[in-house]
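Please look at the charged side chains before reading on. The notes below take them pair by pair.

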Amino acid sequence: MPGTPDQKLIRGIRNASNQSIASGDTVAFAASLDEDFMVVTGNGSLLTREAYIAAFAKDFEDPHSIRFERIVDSIEISDSVPLAAEHGHWAGRVSGGPVLFSGTYLAMWRRTARGWKLRSELFVSLVCKDAAAGESYRSKYGATSARPFQQ
C-alpha cells in the first residue's frame, strides 16, 4: 500500500488493533493506546483509556458481542508537531454476521518514544440496521440521547 513510512506504521498498528478486537485480546488492544488516551464513543460517551479497555474486556467475555472494525480512509502526518490524523469509517457486527452499526471516525496519533500511539478517537454512529440491536447498544453503552435508533 502506498504511503510514507509513518503512514504505513500507523496503518499496521490499526490493523493489529482490529485483529486484537476480532480475537478478543485485551492486552494487544490496549497496546496502541497512549497513557492519556481519551475516546468519544459512537453514542457520544466520553471514556478514559482505562474505561475503554474495561468496556472491550467485558465485551470480549461474550463471543456474541458486537465486534468493531475501523477502516482507514486516510492518514495525514503533521509537519509541525509529532501528530497524525487518521480519518475513516467503522463497522460493528457479531462475529461472522452482517454489519449492524456503522459510522465515521477521526483518530489523533502521537509519535512517542515507544512509537506511534493513539492519543484520542472520536466515533460517530450513523447507521443502525437492526432496531433490537440498536436498543441493546443504547442500553449497554449509555447513549446520550433519548431518540431511538431508526432503521
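**Notes on the salt bridges**

1. Asp36 and Arg110 form a salt bridge, with their closest N and O atoms 3.2 Å apart. This pair joins distant parts of the chain: Asp36 lies in strand 1 and Arg110 in strand 5, 74 residues apart. Asp36 is partly exposed, at a relative accessible area of 35%. Keep in mind that the model is predicted.

2. Arg110 also meets the side chain of Asp34 in a salt bridge, at 2.8 Å from N to O. Here too distant parts of the chain are linked, since Asp34 belongs to strand 1 (residues 33-40) and Arg110 to strand 5 (residues 101-112), 76 residues apart.

3. Is Asp34 buried or exposed? Its relative accessibility is 4%, so Asp34 counts as buried, the cut-off being under 20%. Arg110, with a relative accessible area of 24%, is partly exposed.

4. These residues belong to a network of salt bridges that links Asp34, Asp36, Arg110, Arg114 and Arg119.

5. A further salt bridge pairs Arg14 with Glu86, where the closest N and O atoms are 2.9 Å apart. Arg14 sits in helix 1 (residues 5-23) and Glu86 in strand 4 (residues 83-94); the two are 72 residues apart, and the pair links distant parts of the chain. Arg14 is buried, because its relative accessibility is 0%. Glu86 is buried as well, with a relative accessible area of 0%.

6. How many salt bridges are there by the rule used here? The count is eight. As background, side chains of opposite charge can pair when their charged atoms come close.

Key
Residues are numbered from 1 along each chain as its sequence is written. This is a predicted model: local features need pLDDT of at least 70, side-chain atom pairs count only at pLDDT 80 or more; totals for chains, interfaces and linings use all residues. Side-chain values use heavy atoms; hydrogens and water are left out. A salt bridge is a side-chain nitrogen of Lys or Arg within 4 Å of a carboxyl oxygen of Asp or Glu. Helices (H or I, at least four residues) and strands (E, at least two) are DSSP runs, numbered from the N terminus. Buried means under 20% relative accessible area, exposed over 50%, partly exposed in between (1.4 Å probe, protein chains only).
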